[in-house]
Amino acid sequence: MAFNKFNVLHWHIVDDPSFPYESTTFPELNGQGAYTPNHVYTPTDVHNIIEYARLRGIRVIPEFDTPGHTQSWRKDILTPCYSGKHPSGSYGPINPILNATYDFMMKLFEEVGNVFPDDYIHLGGDEVDFSCWNSNPDVTEFMKKEGFGYWYSKLESYYVEKILDIVTSLNKKSIIWQEVFDDGAKLQPDTIVEVWKKYLYQLELARVTKQGYQAILAAPWYLDLISYGEDWKSYYGVEPLDFTGSKSQKELVLGGEACLWGEYVDATNLTPRLWPRASAVGERLWSSENVTDISDASKRLTQHRCHMLRRGIAAQPLFVGHCNHDFL
């Protein structure tokens, strides 16, 4: 990352398939939620990663994504789904109607805030499936009492706003995915909105910044969406500030993120899938908007890829050719 001018590691450390973060407050989380007892990040692992990054000028921002993407979490804070009048045995997103949920989240985020020194915690909020909430009679009754009607996005906002308050009370700031903003949650003034949906992302950046929020652009740089050929060229051709807005709005765009999700990635293919495709994103984000020559960039990235091989980084080729220092 440092060699490619990336200065923030956004660590999406837990998700539906696994809870590998070893919590000292709630050790049962990784005990029940990790793939195996060996597939965990211990407190020592986490400390070492943060320190390794710090020495290279890289911040580490953890993401504990809720209320969705939580199938690996404790079942007592998830929403029981119903089939008709009876529980189906499956679970949905975090249960937002329980006081115990927020007590749990306060303790977990207090620990996370102490472990990760960065000012920010990414709270997620993306891709929440409302069907389980809709099936649960206790949830629907709660929504009637609160006057939410059948607007489950309001229930999501109710939950997220409470989590934002918890994080603020711990003297931390929050990053959220764009759905939280889109669904009308009341955000803290210093909340950062991450724009990830590729469709009309320029319009989304305009909307977010017009309301005075800082933004991070990820939408055009999803490196897990691979295609045959030189897809780095499409990454390089993006101009992050190419949206309708004032100068003050564009100053609210903090930067961009190259995302690599892990559905089809592990230690066997992580490095070559990242580099030098992410290198193109790094140059785009650190370069003037008038640096757009693809042919010139191709020459630089080809040479840079050879430099990475010499350093022992298994970066894949941009196109046919060779380096004097092959990766061994």
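**Helix packing and an annotated site**

In this predicted model, the buried residues of helix 12 are Arg 277, Ala 278, Ser 279, Ala 280, Val 281, Gly 282, Glu 283 and Arg 284.

Q: How many residues of helix 12 are buried, and what does that say about the helix?
A: Eight of the ten residues in helix 12 (residues 277-286) are buried, so this helix is largely enclosed by the rest of the structure.

Q: Which helices do those buried residues pack against?
A: The buried residues of helix 12 pack against helix 9 (232-236), helix 11 (270-274) and helix 13 (294-310).

Q: Changing topic: what does UniProt place at residues 1-288?
A: An unreviewed UniProt entry gives the feature "domain: Glycoside hydrolase family 20 catalytic" for residues 1-288.

Q: What is the helix and strand content over residues 1-288?
A: The chain is 37% helix and 16% strand over that range, and its end C-alpha atoms lie 20 Å apart.

Q: Which residue does the "active site" annotation cover?
A: The annotation, again from an unreviewed UniProt entry, covers Glu 127. Glu 127 sits in the loop between strand 5 (120-122) and helix 4 (131-135).

Q: What is Glu 127 in contact with, leaving aside its neighbours within four places in sequence?
A: Glu 127 is in contact with His 69, Glu 179 and Trp 196. With His 69, the side chain of Glu 127 also forms a polar contact of 2.8 Å.

Q: On to helix 5 and helix 6: at what angle do the axes cross?
A: The axes of helix 5 (residues 137-146) and helix 6 (residues 152-169) cross at roughly 85° and come within 11 Å.

Q: Which residues make the contact?
A: Helix 5 contributes Val 139, Thr 140, Phe 142, Met 143 and Glu 146, while helix 6 contributes Tyr 152, Leu 155 and Tyr 158. By class, this contact between helix 5 and helix 6 has six nonpolar residues, one polar and one charged.

Q: Where is Trp 151?
A: Trp 151 is in the loop between helix 5 and helix 6.

Q: Is Trp 151 buried or exposed?
A: Trp 151 counts as exposed, because its relative accessibility is 58%.

Q: How far apart are Trp 151 and Asp 183?
A: Trp 151 and Asp 183 are 32 residues apart in sequence, and their C-alpha atoms are 9.9 Å apart in space.

Notes
Residues numbered from 1 in each chain as written. Predicted model: local features only at pLDDT ≥ 70, side-chain atom pairs only at ≥ 80, totals over all residues. Heavy atoms only, no water. Axes fitted to C-alpha atoms, helices over the stretch in contact; angles between N-to-C directions. Helix = DSSP H or I, 4+ residues; strand = E, 2+ residues; numbered from the N terminus. Contact = heavy atoms within 4.5 Å. Nonpolar A, V, L, I, M, F, W, Y, C, P; charged D, E, K, R; others polar. UniProt positions renumbered as here; feature names shortened; annotations may be inferred. Polar contact = N/O pair within 3.5 Å; in protein donor to acceptor, adjacent residues only side chain to side chain. Buried < 20%, exposed > 50% of the residue type's maximum accessible area, 1.4 Å probe, protein only.
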